[in-house]
Amino acid sequence: MSIPEESPEGERTFSDFQDRTRKQENSDFTDLSTNDEQIIVAEISTLDDQHIIVVEATRYELWEKIKSFWRGEGYGFELDYPDLGVLETLWLETSDGLVRSRYKIFAENGKEEGTTIVFLSHQKQELVQTDQAYGEDYEWGEMDRDEKMQASIVERLRNSLETQV
């Protein structure tokens, strides 16, 4: 996030930020992807629980392609800030409603001009039964990392980025 511009009174307020955010949400970012050249994924690695993808393209060239991939996977978006490089999907539940997943994507400029580093993290929860004073209830509880599933989604994202033109 960035600090809002100063208001006429010389103060920065949260409402200034909200106004700027609303303007950003109302603007159309479909023209951000102006490069029709094939995107090259230079490197994929992991750091703790995040996957890191280094791509030979600018963040703006990638943004709609990344969003298109997640839409194709059935996800909507909770946060979508291309200027900040922040994209967070909505929770997507399995057909039985017992498990849900979401992804957080952060993109920043790479060390070399024209490259972008994409950080991808995954959160998965399951509906678990809990005992309450008034009886039993259900709440979402964190699940262990599924490394094979995460590697699979990263590989599909990579293939999607490299084949979208």
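Biologist: In which hand does α2 pass α3, left or right?

Modeller: In this predicted model, the axes of α2 and α3 come within 10 Å and cross at roughly 130 degrees. That angle makes α2 oblique to α3, since roughly antiparallel would need an angle over 145 degrees. The crossing of α2 past α3 is right-handed.

Biologist: Which residues of α3 make the contact with α2, and how many residues of that contact are charged?

Modeller: From α2, the contact draws on Leu62, Lys65, Ile66, Phe69 and Trp70, and from α3 it draws on Ile153, Arg156, Leu157, Ser160 and Leu161. Sorted by class, the contact of α2 with α3 holds seven nonpolar residues and one polar residue, and the number of charged residues is two.

Biologist: What is the order of helices and strands along the sequence?

Modeller: The protein has three helices and eight strands. Read along the sequence, these elements follow the pattern α-β-β-α-β-β-β-β-β-β-α.

Biologist: Which element gives the most residues to the largest nonpolar core?

Modeller: The largest nonpolar core has 21 residues, of which Val55, Leu62, Trp70 and Val118 touch the most other members. At least two residues of this core come from each of β2 (50-56), α2 (59-72), β6 (99-109), β7 (116-132) and α3 (147-163). With five residues, the element that gives the most to this core is α2.

Biologist: What distance separates the C-alpha atoms of Ile39 and Glu162?

Modeller: Ile39 lies in the loop between α1 (14-26) and β1 (40-47), and at 4% relative accessibility it counts as buried, because the cut-off for buried is under 20%. Residues up to four places away aside, Ile39 touches Val55, Ala57, Glu61, Leu62, Lys65, Leu161 and Glu162. Although Ile39 and Glu162 are 123 residues apart along the chain, their C-alpha atoms are separated by 5.1 Å.

Biologist: What share of the contacts between residues at least 6 apart in sequence joins residues at least 24 apart?

Modeller: The pair Ile39 and Glu162, which are in contact, is 123 residues apart along the chain. Among contacts in the protein between residues at least 6 apart in sequence, the share that joins residues at least 24 apart is 44%.

Biologist: Is His51 buried or exposed?

Modeller: His51 is found in strand β2, and it touches Ser45, Thr46, Val118, Phe119, Leu120, Arg145, Gln150, Ala151 and Val154, not counting residues up to four places away in sequence. Its relative accessibility is 7%, and the cut-off is under 20%, so His51 counts as buried.

Biologist: Where is Gln129 found, and how is its accessibility classed?

Modeller: Gln129 is found in strand β7, where it touches Glu136, Asp137 and Tyr138, not counting residues up to four places away in sequence. Gln129 and Gly141 are twelve residues apart in sequence, and their C-alpha atoms are 9.4 Å apart in space. Because its relative accessibility is 43%, Gln129 counts as partly exposed.

Key. Residues are numbered from 1 along each chain as its sequence is written. This is a predicted model: local features need pLDDT of at least 70, side-chain atom pairs count only at pLDDT 80 or more; totals for chains, interfaces and linings use all residues. Side-chain values use heavy atoms; hydrogens and water are left out. A nonpolar core is a set of buried Ala, Val, Leu, Ile, Met, Phe, Trp, Tyr and Cys residues joined through side-chain atoms within 4.5 Å. Buried means under 20% relative accessible area, exposed over 50%, partly exposed in between (1.4 Å probe, protein chains only). Helices (H or I, at least four residues) and strands (E, at least two) are DSSP runs, numbered from the N terminus. Axes are lines fitted to C-alpha atoms, for helices over the stretch in contact, and angles run from 0 to 180 degrees between N-to-C directions. Angles under 35 degrees count as roughly parallel, over 145 as roughly antiparallel, 65 to 115 as roughly perpendicular and the rest as oblique. A crossing is left-handed if the near helix is turned anticlockwise from the far one by less than a right angle, and right-handed if clockwise. Contact means heavy atoms within 4.5 Å. Ala, Val, Leu, Ile, Met, Phe, Trp, Tyr, Cys and Pro count as nonpolar, Asp, Glu, Lys and Arg as charged, and the others, Gly among them, as polar.
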